[in-house]
Amino acid sequence: MAQLRPHANSSPLARHAPTTMRTGEALSFSDELHLEAHRWLVNESYLLDAQDYGTWLESIAHDVHYFMPVRVTTALGAGYSTSPGMAHWDENRYSLERRVARFQTEHAWTEDPPSRLRHFITNVRTFRTDVENEIAVDSAVLLFRSRGDVNEPSLISAGRDDLLRKVDGRWMLARRHILVDESVLRTQNLAIFL
Amino acid sequence: MDTIQQVLADVRRGMIPAHIYNDAEIFELEKERLFSRAWMFVGHESEIPQPGDYVVRRVLEDSFIISRDEQGTIRALFNMCLHRGMQVCRAEMGNASHFRCPYHGWSYRNDGRIIGLPFHKEAYGGEEGFARKGATLLPAPNLANYNGLLFVNMDPDAMPLDEYLGDFKFYLDYYTKQSASGIELRGPQRWRIKANWKIGVENFAGDMYHTPQTHTSVVEIGLFREPKAEKRKDGMTYWAGRGGGTTYKLPPGDLEERLAYIGYPPEMIERMKQLWSTDQLQLIGEDAFMISAASLFPNMSFVHNWPKVEEEGDEVVPFISLRMWQPVSENETEVMSWFAVDAEAPEEFKELSYKAYLMCFGSTGMFEQDDVENWVSLTNTAKGSMARRLLLNSRMGMLNDGTPVVPALTREEFSGAGSAYVGYSEHNQRNFLQEWADHLEKPPVVAPSHAVGITNGQLDQYSSKGA
């Protein structure tokens, strides 16, 4: 986890975001909470592949912080590997809604024709937190994105540090910190979600 | 097969051979004759505020350490060890008193001077074999600063930056000098797109015509109220010095009301009034034009927009972004996109302005997403043999005989620098390509080579003394 920690609260827009902290070791892979978390992530990946963002938004909490800082190459021991004060995404519920609303217009040209997407989700582990009904879930995501017939496909590899909250019997995404593995992205834009 | 002279002649009459957007030979000429002598943006003072701070930036294939030394002087040092040519700094940013080459351990102060040369005496016989004194990482041929913007020029005989920018400085100030403290930069976001570098430059320089079509969706979702077709064509495009840009026409009101309309708080407006020239203030207050996108030759662009970023209320927040279209090849460009904000702006303004930037431009920006899709597609199509037969018509705003569709604004209508036309046109794209064509006709730059560690005239042929 040391890898994901440094940037965790470095966004100027994170003041209203949940501050829940994970506790203890990762849960057993047979733990009911872990199984629920894993199932939630896999189901989510199918929604993101299908660009069914309307349904996806239904499982996003009102106080969500969806954050992907810009990675930079720094010397060993520099103590940071993200660009101070700069992100690719630094979203709250409203800005995520606007992004989804745009894809739902008939004029979001960048995804017409749509990309063929496959989110591969792996390395899932789950932690209890200091808040009841909230769990922390780590995962790795590899996105394969193909556009047109012979354009070179693009790959985005990232680690994710999620906070899931149970509300009325359903898990909702309350925080997602994405640590993308490239400093210079090799994809034409981020008209996708991770 | 057309000759380069034919290509340039076509470009000069506003007819663009489509293949210039994906042509390896043209790209070689651009490297040899254009990027070799144009002033290229490498960063901003605010990115390296403290002694020892550095960022590493490329000018095409050349890597430079942009460093602030212990005395506070900013330098651009070629990132190559004087001994075997290893990169001496392999991070993108940081703070260092010196850079040590990992290969043989030569080390350099952050002003470029050699400080450590292992076994200098034993291996070289000391100063007589390798003159360490005065040896320094190779500085960029030219480094200059305007409003904190740092530019490098690879031509030792380059014209001064001030002269190069010319009247474009009038507009550069709106983006980079809203208070005496200037801007601070964050980022850049970096990503690579399979598009020719010129397309984005031309788009930002003057393409108001694409806004209502390409960016329909951002108006539909309530992010931006301005780009509706009837509004965009009321703006003017200007060309001044080596850059040009687009504007929006603002609703009736005075200077303060118009700056407030796009979201500037009173204290920021007050500082602009103190700092900007009478003409700079009148362009907004009297002529009702507000700067939006712009490009500076050859490959730097600017954006200034004012979206609605919060759910409650109707308030908009302005943001500024700077960017480089760094060519990788004839069909690939690395975009480097920075968020810029006035250093004296209130913290709350800075946060919302950052939010506005992320929602609109950059790697995730909702405007930007649709632009890049178009440019990648254009670049792909420009590759084949049919593109070599097609002359794209880039004569918008001009009749067959060369007279403009609408006359240039007069001094009574327009307080800005350069020439300006209201409405849709491609005057700016043509001005950009005119400058491009002028550069491609120049001879290649001749630059001296630098021999390191030797005293001129004392070097003997290594073979003459034998082993």
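Let's start with strand E11 of chain B, residues 149-153. It is mostly covered: five of its five residues are buried. One note before I go on: this is a predicted model.

Which residues of E11(B) sit on each side? On one side are B:Leu149, B:Phe151 and B:Asn153. On the other are B:Leu150 and B:Val152. Both faces are covered, and these residues are all buried.

Now the partners. Strand E2 of chain B, residues 40-44, runs antiparallel to E11(B), and four bridges join the two. B:Phe41 stands opposite B:Phe151. B:His44 has B:Leu149 as its bridge partner. E2(B) has five of its five residues buried, so this strand is largely enclosed by the rest of the structure.

Next, strand E10 of chain B, residues 142-146. E10(B) pairs with E11(B) over five bridges, again in the antiparallel sense. Here B:Asn145 is the bridge partner of B:Leu150. How many residues lie between E10(B) and E11(B) in their hairpin? Two. One residue in that turn, B:Asn147, has a positive phi of about 50°.

The UniProt record, in an unreviewed entry, places the feature "domain: Rieske" at residues 39-152 of chain B.

On to the core. The largest nonpolar core has 157 residues. Which members touch the most others? They are A:Leu164, B:Met40, B:Val42, B:Phe64 and B:Ile66. Helix H13 of chain B, residues 347-360, gives the largest share, eight residues. Domain 1 (41-144) and domain 2 (167-440) of chain B both contribute residues, so the core lies between them. As a general point, nonpolar side chains in soluble globular proteins tend to be buried together.

Take B:Ile66 by itself. Set aside its neighbours within four places in sequence. Its contacts then include B:Val42, B:Ile48, B:Tyr54, B:Ile74 and B:Leu150. B:Leu150 belongs to the strand we began with, on the side of E11(B) that also holds B:Val152.

Now the two domains of chain B. Their C-alpha centres lie 36 Å apart. Six residues of domain 1 are in contact with eight residues of domain 2. The domain 1 side of that contact divides into two nonpolar, two polar and two charged residues.

Helix H5 of chain B covers residues 169-176. Six of its eight residues are buried, so H5(B) is largely enclosed by the rest of the structure. Among the buried ones are B:Phe170, B:Tyr171 and B:Leu172.

Then helix H14 of chain B, residues 366-381. Its buried residues include B:Met366, B:Phe367, B:Trp375 and B:Val376, and also charged names such as B:Glu368 and B:Asp370. What do the buried residues of H14(B) pack against? In chain A, helix H3 (93-103). In chain B, strand E12 (183-193) and helices H6, H7, H8 and H13.

B:Asn374 lies in this helix too. Is B:Asn374 buried or partly exposed? It is partly exposed, because 17 other C-beta atoms lie within 10 Å, and a buried residue needs 20 or more. B:Asn374 and B:Ile199 are 175 residues apart along the chain, yet their C-alpha atoms are separated by 9.7 Å.

So how do the chains meet? 37 residues of chain B are in contact with 35 residues of chain A. Elements that give two or more residues to the chain B side include E12, H8, H13 and H14. By class, that side has 14 nonpolar, nine polar and 14 charged residues.

Last, some backbone details. Most residues other than glycine have a negative phi, and most peptide bonds are trans. Here are some exceptions.

- The bond from B:Gly187 to B:Pro188 is cis, with omega near 5°. B:Pro188 is in strand E12.
- The bond from B:Phe297 to B:Pro298 is cis, with omega near 5°. B:Pro298 lies in the loop between strands E15 and E16 of chain B.
- A:Gln51 has a positive phi of about 55°. A:Gln51 is in the loop between helices H1 and H2 of chain A.
- B:Ala288 has a positive phi near 70°. B:Ala288 is in the loop between helix H12 and E15 of chain B, and counts as partly exposed.

Key:
Residues are numbered from 1 along each chain as its sequence is written. Chains are lettered from A and ligands numbered from 1 in the order in which they are written. This is a predicted model: local features need pLDDT of at least 70, side-chain atom pairs count only at pLDDT 80 or more; totals for chains, interfaces and linings use all residues. A residue is buried if 20 or more other C-beta atoms lie within 10 Å of its own, exposed if 12 or fewer, and partly exposed in between; C-beta atoms are placed from the backbone. Two strands pair if DSSP finds at least two bridges between them. A nonpolar core is a set of buried Ala, Val, Leu, Ile, Met, Phe, Trp, Tyr and Cys residues joined through C-beta atoms within 7 Å. Domain bounds come from an automatic or database domain assignment. Two residues are in contact if their C-beta atoms, placed from the backbone, lie within 7 Å. UniProt positions are given in the numbering used here, feature names are shortened, and annotations may be inferred rather than shown by experiment.
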